[in-house]
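Me: Got a chain to look over. Can you walk me through it?
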Amino acid sequence: MDINYFTISVILLLLLALVIWLILRNRKDEKDFEQDNIDPSPIDRNDPDKE
């Protein structure tokens, strides 16, 4: 059985990039959520980044 190391390395690299992207996005969303809880304003701000 011949193992294609190039294909395995590309798949692992893509999975690693996906995990890093999800972690960074989660931290940004968590920071926005905490800021909204700390400073609630009566006026709804339209923030297109949150949608």
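Reply: Ile11 is partly exposed, at 46% relative accessible area. Partly exposed sits between buried (under 20%) and exposed (over 50%), with a 1.4 Å probe and protein chains only.

Me: What kind of model is this?
Reply: This is a predicted model: local features need pLDDT of at least 70, side-chain atom pairs need 80 or more, and totals for chains, interfaces and linings use all residues. Numbering starts from 1 along each chain as its sequence is written, and side-chain values use heavy atoms, without hydrogens or water.

Me: Where does Ile11 lie?
Reply: In helix α1, residues 5-38. Helices are DSSP runs (H or I, at least four residues) and strands are E runs of at least two, numbered from the N terminus.

Me: How much of the chain is buried?
Reply: 2% of the 51 residues count as buried.

Me: OK, Thr7. What does its side chain contact?
Reply: The Thr7 side chain makes a polar contact with the Asn4 side chain, at 2.9 Å. That term means N or O atoms within 3.5 Å; within protein, one must be able to donate a hydrogen and the other to accept it, and residues adjacent in sequence count only if both atoms are side-chain atoms.

Me: Is Thr7 buried, exposed or partly exposed?
Reply: Thr7 is partly exposed, at 36%. Thr7 is also in helix α1.
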